[in-house]
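Colleague: I'm new to this one. Can you take me through it, piece by piece?

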Amino acid sequence: MHIDPMGTHAWVTVVEGCKRWVLFPPSTDLAAIGMQDPQIPSSIWFSKWYPKIMPEHPNAVEVLQYPGETVYVPAGWPHLVLNLEDTVAITQN
């Protein structure tokens with residue numbers, strides 16, 4: 001879980017594989033969604049935090065991203081991604 005640095009926006013296009021995303025609006029309480037420093041691996045967040053957090057955050061955005069699809073991450077949105085299989089992607093902040 002992180003917020004992209006220096007107010008940047010990002011896009012990510014998957015070439016091969018599949019990614020699972022969760023994005024939270026900037027107004028979200030970071031401690032309430034398990035954002036920690038240092039960051040914990042996405043696999044741990046999804047197994048430990050996801051079942052508790054998601055019912056309480058209906059404004060979260062969840063995406064399953066497949067080859068040829070692009071995800072846009074607006075500046076200030078806490079997010080994390082889990083590769084569900086070997087994945088190749090192109091990104092730009």
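Colleague: Is Glu 62 buried, partly exposed or exposed?

Modeller: Glu 62 has a relative accessible area of 42%, so it counts as partly exposed. Bear in mind that this is a predicted model.

Colleague: What does the side chain of Glu 62 meet in a salt bridge?

Modeller: The side chain of Arg 20, at 3.9 Å from N to O. Arg 20 sits in strand S2 and Glu 62 in strand S3, 42 residues apart, so the pair links distant parts of the chain. Arg 20 is partly exposed too, at 24% relative accessibility. In general, side chains of opposite charge can pair when their charged atoms come close.

Colleague: How many salt bridges does a search of the whole structure find?

Modeller: One.

Colleague: Back to S2. Which strands does S2 pair with?

Modeller: S3, residues 61-65, is joined to S2 by five bridges, and the two run antiparallel. Strand S5, residues 79-83, also pairs with S2 in the antiparallel sense, again over five bridges. As examples, Arg 20 has Leu 64 as its bridge partner in S3, and Leu 23 has His 79 as its partner in S5.

Colleague: Why is S2 described as largely enclosed?

Modeller: Because four of its five residues, 19-23, are buried, the rest of the structure largely encloses S2.

Colleague: What about Val 22, which residues is it in contact with?

Modeller: Setting aside neighbours within four places in sequence, the contacts of Val 22 include Trp 45, Phe 46, Tyr 50, Met 54, Pro 78 and Leu 80. Val 22 is also part of the largest nonpolar core, which has 12 residues in all. Phe 24, Ile 33, Ile 40, Trp 49 and Ile 53 are among the other members. Apart from that one lies another core, of six residues, among them Ala 10, Leu 23, Val 71 and Val 73. In soluble globular proteins, nonpolar side chains tend to be buried together.

Colleague: And on the surface, which residues form a nonpolar patch?

Modeller: Trp 11, Val 15, Tyr 72, Val 88 and Ile 90, with about 470 Å² of accessible area together. Strands S1 (10-16) and S6 (88-92) each supply at least two of the patch residues. Tyr 72 is in strand S4, residues 70-73, and is partly exposed at 48% relative accessibility.

Colleague: Take Val 88. What does it touch?

Modeller: Not counting residues up to four places away in sequence, Val 88 touches Thr 13, Val 14, Val 15 and Glu 16. Val 88 and Glu 16 are 72 residues apart in sequence, yet 5.1 Å apart in space, C-alpha to C-alpha. Val 88 is in S6 and counts as partly exposed, at 45% relative accessibility.

Colleague: New topic, backbone geometry. Which peptide bond is cis?

Modeller: The bond from Asp 37 to Pro 38 is cis, with omega near 5°. Pro 38 lies in the loop between S2 and helix H1, which covers 42-48.

Colleague: And what is phi for Met 6?

Modeller: Near 55°, a positive value in a residue other than glycine. Most residues other than glycine have a negative phi, and most peptide bonds are trans.

Colleague: Where does Met 6 lie, and is it buried or exposed?

Modeller: Met 6 lies in the segment before S1. Its relative accessible area is 81%, so Met 6 is exposed.

Note on methods
Residues numbered from 1 in each chain as written. Predicted model: local features only at pLDDT ≥ 70, side-chain atom pairs only at ≥ 80, totals over all residues. Heavy atoms only, no water. Patch = residues over 30% accessible without salt bridge, like charges linked within 9 Å, V, L, I, M, F, W, Y side chains within 5 Å. Areas by Shrake-Rupley, 256 points an atom, 1.4 Å probe, with all protein chains shown as cover. Salt bridge = Lys/Arg side-chain N within 4 Å of Asp/Glu carboxyl O. Buried < 20%, exposed > 50% of the residue type's maximum accessible area, 1.4 Å probe, protein only. Core = buried A, V, L, I, M, F, W, Y, C linked by side-chain atoms within 4.5 Å. Contact = heavy atoms within 4.5 Å. Pairing = 2+ DSSP bridges.
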